[in-house]
Amino acid sequence: MNHLTRRAFMGSLGAAATMPAFSTSRAAAGPILTRAIPSSGELIPAIGLGTWITFNVGNDERLRAARAQVMQAFFDRGGTLIDSSPMYGSSEAMIGYGLARTKRPALFSAGKVWTLLKPLGVSQMEASRKYWGVERFDLMQVHNLLDWSTHIETLKAMKAQGRVRYIGITTSQGWRHGDLEQIMRSQPIDFVAFSYNVVDREVEERLLPLAAERRIAVIINRPFQEGVLIDRMMRYPLPAWAAEIDCANWAQFLLKFIVSHPAVTCVIPATRRVDHMEENMGALQGRLPDARMRARMARHVENV
């Protein structure tokens with residue numbers, strides 16, 4: 001099996017990538033996997049939607065319509081958490097476009113502040129809110145720790161005023177993990193976000209245990225190494241024993257490895273396509289790997 005399986009196989013079944021998403025399949029398949037936000041107990045689905053690169057489509061109406069279909073498929077399969085940032089070009093405007101054109105039972109909006117100085121941060125967050133078209137963000141995060149000591153004070157005040165429900169800090173840079181650890185130990189944050197997948201497991205040593213200890217929700221970014229990991233795995237057949245954890249494809253295999261870690265709250269793969277979204281959301285259902293199976297999964301990926 002080659003890399004075309006992820007990119008083309010579903011499309012070969014017909015017009016799956018362009019058909020409107022459907023909700024009946026989710027109802028037929030049963031309940032979806034949710035995780036509790038430790039600071040409140042609120043449950044959210046364990047698969048969210050990332051928008052880095054994939055939603056930066058400018059004003060191209062064809063691409064905008066295609067991304068709105070991706071969002072509808074996400075909502076139809078039970079998703080609620082969408083994550084974006086001013087760093088992501090036109091992604092926030094695209095989200096607002098899609099939200100105005102999709103039907104959804106719920107939305108968990110996760111925005112970011114990514115600038116220097118308090119006044120610029122305040123104005124940037126307000127601009128993001130208007131792009132999205134939401135009354136307030138559920139979660140506002142300091143993106144990549146940029147001027148975090150300034151923005152965290154703003155976010156604390158916003159949370160106290162009810163202008164945001166949760167606050168957090170993110171990084172996608174491994175060399176910032178030490179700084180992130182210190183923030184997790186010293187600041188009253190609800191969420192943290194960092195990279196984790198079956199081959200990048202450094203955070204298992206310190207950050208994931210610390211998040212559990214400090215009762216901080218964890219959002220995982222770059223689960224597929226921005227496509228590099230899943231494209232590599234597509235060159236090989238899915239092992240037959242993946243059926244023991246109800247995995248039908250590599251996307252579900254890789255995502256179930258992540259969400260089966262007890263400290264992980266949500267993972268946010270990004271995609272341009274409805275068929276890929278449906279594959280991703282399939283990881284919300286069926287059996288999850290236990291510790292022994294997780295070790296087997298990691299060994300398998302290392303050895304192929």
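Select C266 to begin: this cysteine counts as buried, at 0% relative accessibility. The model is a predicted one. The cysteine sulfur closest to that of C266 belongs to C247 and lies 17 Å away, too far for a bond. A disulfide would need the two sulfur atoms within 2.5 Å. C247 is in no disulfide either, and at 8% relative accessibility C247 counts as buried. By the same cut-off, the count of disulfides comes to zero.

**The strand β10 and its neighbour**

Keep C266 in view and show the strands. In β10, C266 is the bridge partner of I219. The strands β9 and β10 run parallel and are joined by two bridges.

Now select β9, residues 217-221. How many residues of β9 are buried? Five of the five are, so β9 is largely enclosed by the rest of the structure.

**From β9 to β8**

Move to β8, residues 191-195. β8 pairs with β9 in the parallel sense, over five bridges.

Select residues 207-214, which form helix α8. Together β8, α8 and β9 make a right-handed β-α-β unit. In α8, the residues L207, L208, L210 and A211 are buried. Look down the axis of α8: its buried residues fall within an arc of 160°, so they line one face of the helix. An α-helix has 3.6 residues a turn, so residues three or four places apart point the same way.

What covers the buried residues of α8? The cover includes helix α7 (177-186) as well as the strands β8 and β9. Show these elements with side chains to see the cover. Then step past the end of the helix to R215, which follows α8 and has a positive phi, near 60°.

Select G50 and look across to β4, where its bridge partner is D83.

**Two loop residues**

Follow the chain on from β3 to F55, which lies in the loop between β3 and α3 (61-76). Is F55 buried or exposed? At 0% relative accessibility, F55 counts as buried. Select what F55 touches, leaving out residues up to four places away in sequence: L49, R67, V70, M71, S90, S91, M94, I95 and T271. One of these contacts, M94, is 39 residues from F55 in sequence, with 6.4 Å between the C-alpha atoms of the two.

Next select T115, in the loop between β5 (108-113) and α5 (118-132). T115 is buried, with a relative accessible area of 16%. Beyond residues up to four places away in sequence, T115 touches L120, G121, Q124, L146, D147 and H151.

Finally, show the protein in cartoon form. Its secondary structure comes to 12 helices and 10 strands. The radius of gyration is 19 Å, close to the 19 Å that the globule rule gives for 304 residues, so the protein is as compact as a globular protein of that length. Taken along the principal axes, the C-alpha atoms fill a box of roughly 55 × 45 × 30 Å.

Of the 304 residues, 54% count as buried. Among the contacts with a separation of 6 or more, 78% come from residues 24 or more positions apart.

Terms used
Residues numbered from 1 in each chain as written. Predicted model: local features only at pLDDT ≥ 70, side-chain atom pairs only at ≥ 80, totals over all residues. Heavy atoms only, no water. Pairing = 2+ DSSP bridges. Helix = DSSP H or I, 4+ residues; strand = E, 2+ residues; numbered from the N terminus. Buried < 20%, exposed > 50% of the residue type's maximum accessible area, 1.4 Å probe, protein only. Arc of directions from axis to C-beta. Contact = heavy atoms within 4.5 Å. Right-handed = clockwise from strand over helix to strand, strands pointing away. Rg over C-alpha atoms; globule rule 2.2 N^0.38 Å.
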